[in-house]
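Please examine the sequence and the structure shown below.

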Amino acid sequence: MERFSVERDGFCGFLHEPASGAERFAGKAIVVLGGSEGNENIPRNLGARFAEEGLAALGVCYWNAPGLPHELVEVPVESVERAVGRLRSRGFGKVGVYGISKGGELALLAASLIPAVSCAVALSPLDHVMPGITGNGGLASKGVSERSSWIWRGSPLPCAPGGTRMPYVGIIRRLLAERQLDMRFVYERMLEGATEGSAIKVERIGGPVMLVCPERDAMWPSDDAARRIEERLRAHGHPWEVERLAYKHASHIMVPLETGALKLFREEREHPRECAASRLDAFKRTLAFLERW
């Protein structure tokens with residue numbers, strides 16, 4: 001594994017190159033983005049998992065790491081651009097972006113802004129640029145910013161309306177009634193006020209797009225967003241492959257990794273084997289999708 005730092009390289013990341021089996025994905029590499037947790041778990045561990053399958057993967061941290069923003073507010077998309085540029089300089093002719101949750105939002109956004117990105121895979125994403133998330137501790141420390149999550153070329157990108165307090169009473173009430181973490185209503189309210197200005201222009205993505213989500217996402221409405229993304233791409237005559245997968249037994253966390261956070265969702269506790277099978281199936285179908293790309 002090769003490590004990159006903001007101070008030296010302009011981005012924080014971990015490059016995993018395959019020891020064998022690279023013929024399957026010759027000339028291809030992906031940037032892997034984790035979610036709003038902002039730690040190294042997904043960039044490092046899932047990047048390594050892709051490399052085991054023969055695909056070079058550069059896991060990138062975009063906040064809450066040395067040299068990066070300490071809050072998920074006005075985070076530069078250029079960190080992804082620099083990572084893509086590094087892969088291109090290493091001789092990879094095709095570079096895609098893969099992200100989960102907040103990283104899925106960023107994956108679609110980055111692919112729409114960076115011409116060098118030729119494929120996007122988004123797991124449990126939203127279809128609008130969302131307001132930033134203040135705080136970098138546990139859920140109780142977090143809030144919804146008035147400012148955008150992302151900036152590009154020094155300018156904040158238009159976002160859905162924010163600036164409200166996190167409705168902890170409603171979250172706790174649902175936690176007790178539903179026995180799971182359910183924040184869907186928080187984001188549904190934000191999206192009700194969203195306009196075309198904050199919509200991610202997915203039609204600008206210069207390559208195939210894959211969308212993966214549960215049939216009903218308790219964390220935020222990625223299931224509805226994925227349908228809207230697919231509809232938007234088809235309405236604009238997107239000339240590349242578009243694939244959308246929705247799983248009955250699955251939760252917001254669609255990556256093929258085991259984590260204690262899975263137990264936050266009732267579906268994972270009641271149908272653990274089926275949910276694990278969904279995550280594995282999504283990963284296998286993602287690999288097949290990336291092989292066709």
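The points that follow are grouped by topic.

This is a predicted model, in which local features need pLDDT of at least 70, side-chain atom pairs count only at pLDDT 80 or more, and totals for chains, interfaces and linings use all residues. Residues are numbered from 1 along each chain as its sequence is written, and side-chain values use heavy atoms, with hydrogens and water left out.

**Overall build**
- The protein chain holds nine helices and 13 strands (DSSP runs of H or I, at least four residues, and of E, at least two, numbered from the N terminus).
- Its radius of gyration is 18 Å, close to the 19 Å of the globule rule for 293 residues, so the chain is as compact as a globular protein of that length (taken over C-alpha atoms; the rule is 2.2 Å times the number of residues to the power 0.38).
- Along the principal axes, the C-alpha atoms fill a box of roughly 50 × 45 × 40 Å.

**Surface and charge**
- Of the 293 residues, 55% count as buried (under 20% relative accessible area, 1.4 Å probe, protein chains only).
- The side chains include 38 positive and 37 negative ones, and the centres of the two sets lie 1 Å apart (Lys and Arg against Asp and Glu, without His and the chain ends; charges placed at NZ of Lys, CZ of Arg, CG of Asp or CD of Glu).

**A three-stranded sheet**
- An open sheet with mixed pairing has the order E5-E10-E11 (strands pair if DSSP finds at least two bridges between them).
- Strands E5 (75–76) and E11 (155–156) stand at the edges with a single partner strand each, so one side of each is left without a neighbour in the sheet.
- E5 pairs with strand E10 (residues 150–152) in the parallel sense over two bridges, and Ile151 in E10 is the bridge partner of Pro76.

Technical notes:
Buried < 20%, exposed > 50% of the residue type's maximum accessible area, 1.4 Å probe, protein only.
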